[in-house]
Amino acid sequence: MNNEEMENHNLITAFKKMWSNMFYIEGKTERVDFWLGYVTIAIIDLLFFTLVLGTNSSLWSVILYSIVSAFGLIMTFTAAIRRLHDANFSAHFLWLLLIPIFGIIIVFILLVTPKSDENRHAPSTKPAGMKWESNILNWLIIIVTALALFGINELISNAANSSNNKIDVSNTSDNEDSSSSDSSSSSQSSSSSSESSSESSSSEESSSSSSDEDNDKHDDDDNDDQDQSDDNQDEDKDKNNDDQDQEDQNAASEQSSSSEDNNKENTDNHDDQDKSDNQSNDDNNKQDNNDQQKQEDNKQTDNQSNEQSKPNDDQNKQQSQNESSNQQENQNSNASSSSSK
């Protein structure tokens, strides 16, 4: 009896029971069978997860992992319901899983509790010939669960890629800052590597007459020297690229300085033009003032001349009046003389 019980309770038999009762929730599942089946499902999921990581999250591996996870999730969920029935608890305790930490701890304690002797749940009444594979609704549930898990995996992978891109951008900026310091160290390493390559070539010439073992060693040294020369060439290329970048920066700085000089010259020219315009305006204002003064002087001279001409007119009037009076007197005298005659 003990041998039969040990054979019945193992990873394979527990997984088979969970597989055959995937969509059956009315029966009971013993504590040993539940945890052995759960460990088997966890191992399978871990294997497929390593496949996803090994293929760099390729599409086919993620789809396969989602399908396998869907089967494992449904089997674990229905087995947990039967395990709670076996411990004389209601399946509604699984709603506690929605609570992040405390709910998971409570459900774990309930699943670990042993079988209850006074159990209100009836024993398993599943027919022997009943198989879930023949029901189309069960396959629809599996497909929907697999699609949901696939969407969750894609969201997680996209979030991880976006965070990695941000980290890469920050690392590239740091590497650009440290490239200038690395260029000097690379020049020193290139000089030391050139000296080592010359020494190794002289040693090869001196040891060419040695045995076959020495020739093999020298061949290895030649390969190492070629690798070093390739590394030196790569370093020289990096230096040339750094020099070009510095030249471009210098040219850009020179262009900016020349543009600044041009701007200064333009501003100076504008200032000179403004000054000259102001001077010309001042000169025009002075000329206008001079013209006004001249006009005023002319008016004053005209007034003076008019004042001087007024007494002359008065004298002329008096003379004319005197002459007229004299003529009248002469006429009168002539008239009197004629009358006396």
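How many residues apart in helix H3 are Phe-34 and Tyr-38? They are 4 residues apart, which means that about one helical turn separates Phe-34 from Tyr-38. The model described here is predicted.

**Helix H3**

Helix H3 covers residues 31-54, and its 24 residues should span 34 Å at 1.5 Å a residue. The buried residues of H3 are Asp-33, Phe-34, Gly-37, Thr-40, Ile-41, Asp-45 and Val-52. After H3 comes Asn-56, which has a positive phi, near 55°.

**Aromatic pairs**

The count of aromatic pairs comes to 13. One of them is formed by Phe-34 and Tyr-38, and this pair is stacked, with 6.4 Å from centre to centre and 15° between the planes. Phe-34 has a relative accessible area of 2%, so Phe-34 is buried. Tyr-38 has a relative accessibility of 39% and therefore counts as partly exposed.

Trp-132 and Trp-139 are also paired: their ring centres are 5.4 Å apart and their planes lie at 50°, so this pair is tilted. Trp-132 is buried, with a relative accessible area of 6%, whereas Trp-139 is partly exposed, with 37%. Both tryptophans belong to one aromatic cluster, together with Phe-15, Trp-19, Phe-23 and Phe-71.

**Pockets**

| Pocket | Volume | Lining by class |
|---|---|---|
| Largest pocket | about 550 Å³ | 17 nonpolar, 3 polar and no charged residues |
| Second largest pocket | about 310 Å³ | 7 nonpolar, 4 polar and 1 charged residues |

The largest pocket is lined by 20 residues, and the closest to its centre are Phe-77, Ala-80, Leu-94, Leu-97 and Val-107. H3, helix H4 (59-86) and helix H5 (102-112) each supply at least two residues of this lining. H4 gives the most to the lining of the largest pocket, with 6 residues.

Which helices supply at least two residues each to the lining of the second largest pocket? They are H3, H4 and helix H6 (136-206). H4 provides the largest share of this lining, 5 residues. Tyr-38, the partner of Phe-34 in the stacked pair, is among the residues that line the second largest pocket. Ile-41 and Asp-45, both buried residues of H3, also line the second largest pocket. Other residues of this lining include Tyr-65, Leu-73, Leu-149 and Asn-153.

Technical notes: Residues are numbered from 1 along each chain as its sequence is written. This is a predicted model: local features need pLDDT of at least 70, side-chain atom pairs count only at pLDDT 80 or more; totals for chains, interfaces and linings use all residues. Side-chain values use heavy atoms; hydrogens and water are left out. The expected span of a helix is 1.5 Å times one less than its number of residues. Buried means under 20% relative accessible area, exposed over 50%, partly exposed in between (1.4 Å probe, protein chains only). On a 1 Å grid over the protein atoms alone, a cavity is a set of points where a 1.4 Å probe fits but cannot get out, and a pocket is an open set with protein on both sides within 12 Å along at least five of seven lines; lining residues have an atom within 4 Å of a point. Grid points are joined across faces, edges and corners, and a volume is the space filled by probe spheres set on the points. Ala, Val, Leu, Ile, Met, Phe, Trp, Tyr, Cys and Pro count as nonpolar, Asp, Glu, Lys and Arg as charged, and the others, Gly among them, as polar. Rings of Phe, Tyr and Trp (its six-membered ring) pair if their centres lie within 6.5 Å; planes under 30 degrees apart count as stacked, over 60 as edge-to-face and the rest as tilted.
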